[in-house]
Each structure stands twice: as structure tokens, then as C-alpha cells.
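Hi everyone, thanks for making time. I'd like to walk you through one model today, so let's bring it up on the screen.

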Amino acid sequence: MSPDHLDLGGAHLRRITDLDRFALPLSLLFPEARQQELEPFRADLAPWHYDFDAGAVLLGVHSLLLRLDGLTVLIDTCVGACKPRPARPEWHARKAQGYLAALAAAGLGPEDIDMVFCTHLHADHVGWNTRLQDGRWVPTFPRARYVMGRAEHDHWQKAEAQAPGQHNHGAYADSVLPVVVAGQADLVEDGADLHHGLSVLPLPGHSPGQTGLALDLQGRRVVFCGDAIHSPLQIFRPDWSSRFCHDPDQARRTRRALLEQAVAEDLALIPAHLRGALGLRVRGHGGGFRPAPLF
Ligand SMILES: [Zn+2]
């Protein structure tokens, strides 16, 4: 089976890649990390998640396409094309034609997406929310409702009002506001029910109002957990929060609680930037945690 798609039994999941691989030096992403602490887990982390020669964490930037009894949902929309991101050269003014081609290869055009769910509004999660048309940013998915947490949206809206374009690579102005102006944004509360078995799960810390999606399927719970877990490294080292976390302590608490719940309830976790397999399970191990295959 291709690792890019997965039948969940009652739902189908496919990865739509925008940027892979995206490598960040360990100390840049996780300021408290030391590579020697990862050596015992080399067999789990190389080659997909960590490059031991380069000292780099390896991430994928992709959407997760979820098809669930007639509803087509795109979870997070990556970096996007043509976005001005001068502070991050890999994201800056990209051509990025492969993303919509990958969607087409799945048999879908932009008009086929019913819902875009933004776990949070960082620039690598909202890029394809919009595209450039005649010099203006317009919603890429013309029929979609764009669902985002109200607390998350309101935080970035306020930041934008205080310092226009001076935060989060300018992503609110070019990738969120045009969707709001078009009347396609739905701001939701934690716990909101979006569809049969699909609900909004609060995962604060990495960003102020980060939310995941919980999907209940015939006795199996799947959790799309955004950046609560950036990399399997954090399953071995759950106390490592990223440099980009809004509240690193809250991010740690959220991650630990999620990992404990994953063990207790045998959750299938789908982190936003996971490479290789689409998801993983978590087992308790020696007072900590270790990743296990999804199925
Ligand atoms: Zn991210």
C-alpha cells in the first residue's frame, strides 16, 4: 500500500504534498535538544524523521485530504504559491505547481473541496487557502467553508490590527483575511461538531488557539493533531517544545496529555508534518512513550 493514502474503514485519507522534505537544524527547531539524546532512537528516527549526519529534523509540508461519507475535507493548506516570505527562502515566492496537480491526481479540482480545516494559522498551514488571481489573493477553493478556531483567528486578527504584516510572515493578510472577506470563514468553538463523528479538539500551546480534529469511526478514534507533535522525536522527548511555540509550557502540557490519551485509548495520531507513514500510534515505554505503527 502506498504510504500516501490509507483506508480508515468508513473514511479515506490521502496526503497532498506541497513541500517535502523540509529540513530544519535540530537546535533551530528544538532549542533544548541535543543530538546525543536521540542516538538510542536512531532506528525509529532515521531516515524519515531525522538526518543524523546533517543534524536536521526532517518534516513534510502537506495537506491531509479526508473523504468521509460524501464530505471532502482538506486539513491544513501548507505554504502555497507566490507568497512573499522573504524571511524563509524555501517558502518565498514559490512556483509550487505540484500541489494542485496532486489534488488533480486524486481526481479532485479546487471546486470539489467542501471544507478546509485550519488547525492553526501559521504560514505553513494556510498558504493554499488563497491563490493570486489578477493581482489579488482569492480563495483557492471556491465552494469550501474554511473552518478555523475562533480563539486562533481572533488572536491573529488582533495581531494584524496592531502591526499589519509584521508577524507570522504576513500570512493573515494574504492567506486568511481574503477568505474572511469572501464570507467563506466559519469560526468555531472548541468541541464543535462538524459532521458525523468529526469534531474540533483543543490543542493549545503551539499557537494560542490550535485545534485538532477528532474522527470517530466504528470504535476507532483518529486524531489529526496539527503541530502538537511536529516530529516523532517529541514522542521520545515530549518536553521538547519548538522555538515557534507561542507558549512552550502549554505546548508541553498539551502534548503530554495527548500522548497519555493516545496510549490509554489506542488513538491513531496524524501529525501535520509527519513523513513516511501517514500516522502512528503510541505505546507506554519505561515511564515514557514510544511510537508504534498505525496498523
Ligand atoms: Zn507547522
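Predicted model: local features only at pLDDT ≥ 70, side-chain atom pairs only at ≥ 80, totals over all residues.

Let's start with the metal: Asp-124 (OD), His-125 (NE2), Asp-227 (OD) and His-273 (NE2) coordinate the zinc ion at 2.1 to 2.3 Å. Donors here are N, O and S atoms within 2.8 Å of the metal (3.2 Å for Na, K and Ca), and water is not among the atoms, so sites may look incomplete.

Residues are numbered from 1 along each chain as its sequence is written, and side-chain values use heavy atoms, leaving out hydrogens and water.

Back to the zinc ion: along the chain, its donors follow the spacing D-H-x101-D-x45-H. His-125 sits in helix 4 (residues 123-126) and Asp-227 in the loop between strand 14 (220-226) and helix 7 (233-236), so this pair ties together parts 102 residues apart in sequence. Helices (H or I, at least four residues) and strands (E, at least two) are DSSP runs, numbered from the N terminus. Are those two residues buried or exposed? Both His-125 and Asp-227 are buried, meaning under 20% relative accessible area; exposed is over 50%, and partly exposed is in between (1.4 Å probe, protein chains only).

For contrast, Val-181, in helix 6 (residues 171-181), is exposed, with a relative accessible area of 67%.

Finally, the record: UniProt lists residues 60-273 as "domain: Metallo-beta-lactamase" in an unreviewed entry, and such annotations may be inferred rather than shown by experiment. The end C-alpha atoms of residues 60-273 lie 5 Å apart, and the span is 27% helix and 29% strand.
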